Structures are given as C-alpha cells and as structure tokens.
Amino acid sequence: MELNLTDTSDKKPRRRICTNGCDRPINVCLCHKIPRDKISTATKIIIIQHPHETRHKLATVPVLAKCLGNCEIVFGRRLRRNVSPFLDSLYDDAVSNPENARPVVFLFPASKTMPSVDIEEWKSLHADDNADDNVMSNLVLIVFDATWKHAKEMVHASLPFLTKFATQVSLPISVEVDGASIFSSELTLRKEPFSGCMSTMEAIARCLRVLEQNGDEIESRLIELLRDMVKFQASFLKPMKPRVKLLKKSKAVGIENRDNDSRISYQDENAV
C-alpha cells in the first residue's frame, strides 16, 4: 500500500471556470454581457496574436472573438508565407491582379519611418469612390495583439509580406502624453505607454465605428463589455499612490560624485 505524503493543505484551490460561454473565472463571469448571437460585420477582422498574449489573464481577444462573427485569430510573431491560407490568398491576388485585389488595411500608429493614414481619412477617401459599397463590404482589417514593444517587433518583421497587399491606417495617438492605467481609466486593463494606446478590443471597436454602417451600435456594445471587464478587474486591486520616478543608478551615481567634487572644492578653498 502506497501512502501519499504530500501535504496539500497549503495549495490554493483552482479557480472555477465558467463553462456557459465566456470561459472566465466564475467570479468575473461575463456571459450575461456576451451577445447570444455574434455581432455581424461586413469587415473581416484578422487578429495577429503574439504567443505571450495567449497566457495573459487580462487579454481581451478571447472575449472579443466570442462577440464578433467575422473574426479570425492568427497566432505568431510575424506574418509571412504559409502562416495563414487566407492571408496568402490576399497576397497572391494583390500580386497577380492588383486592380481587383480585395481592400486590406492594417492598424498601427504612424512613425517617421512608417507613415500612416488616419482611418477616418482613409474611409472618406473611399467614400468619394462610386464603388465604395463594394470596397467596404469586402474590407479586411488586420490588428496586432501584443504589448507595445512586441507589436512594434511584429509589425516590422511582417512588413515585407504585409505591404504587398495592405495599407497602414491608424487611430489618433499622442506619444508626448503618458498613457492611462486601470486606476485612471475605465477602459484600460494594463498600463499604456502613451496616450492613445488601447486594448485590442477597444481599438477594433473604434475602427468598426468608422468602417461599419451600424458602427456606433457595434462600438457601444463592445465598449460596454470592455468597461465591465475593467470594472471586475479593478474591484480586486488595492488603491495605489503614484510613485515618484527614481533616477537611474548611473545618473544617481553621477550626481553623487558631482556633489562630492563640489564639497571637496569648497573645502580646498576654505583651507587656502
């Protein structure tokens, strides 16, 4: 007879997971907020998700995918051939028949080396086209789901493939202004690096408001769901006082040495 001598008294019990639809812990269940019938969109949404995001507890994409009917998730660190059959088909069509290729945009902020078109400006440019209805009904929106650092790496690594068939669009941002956190915004789950950064769910909601005929309604439903997610998460956090930014060690040592030098110089002057 074998005895189990392992003490399990201190082990934390596993969280009960809701199996009715949201797949979240019972105490933060969102089943009552997720639409029974998925939201229909003319825009096809492709989410490129970094592998690290699949393990992140605050990821919004799993819930978002349960809300949108025309949505596909592609896992990986960069786009290239043989990652997604659908993206391969977009690439082939753009190369072989660019005039009749399906319209594709990818969302990422502009920079000096990567100019971008504001998504509302992009929409207005196509609104002047007689074929606007056809363009918008076949549009593909590609969004990268990752931290800001990883998203930049993913986009830069994907450009040789992506720019063959997609146009870069962006939402308004301000790199000079510090980003929001869960303590300062009802729509922010993680600390953002600068103003205008947002979760994948919020970014897609803002885009669909512009791109879809009933965009205001779609945005409202997704934002309400995101607001509830943040509210649940915030209820488990303790209030925090903002910390004073500390100088880097190298700078601090430099200041200390400078102060020491000034004191030595002052003492030398007094000794004369």
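Author: Let us take strand β5. V140, I142 and F144 point one way from β5, while L141, V143 and D145 point the other way, and all are buried; buried means under 20% relative accessible area, whereas exposed means over 50% and partly exposed lies in between, with a 1.4 Å probe and protein chains only. In a regular strand the side chains alternate between the two faces of the sheet. The strand spans residues 140-145 and is mostly covered, six of its six residues being buried. Strands here are DSSP runs of E with at least two residues, and helices are runs of H or I with at least four, both numbered from the N terminus.

This is a predicted model, in which local features need pLDDT of at least 70 and side-chain atom pairs count only at pLDDT 80 or more, while totals for chains, interfaces and linings use all residues. Residues are numbered from 1 along each chain as its sequence is written, and side-chain values use heavy atoms, leaving out hydrogens and water.

Two strands pair if DSSP finds at least two bridges between them. Strand β1 (residues 44-49) runs parallel to β5 and is joined to β5 by six bridges; in this pairing, I45 stands opposite L141. Strand β3 (residues 104-107) also runs parallel to β5, with four bridges between them, and L107 has V143 of β5 as its bridge partner.

Of the 272 residues in the chain, 38% are buried. Among contacts (heavy atoms within 4.5 Å) between residues at least 6 apart in sequence, 72% join residues at least 24 apart.
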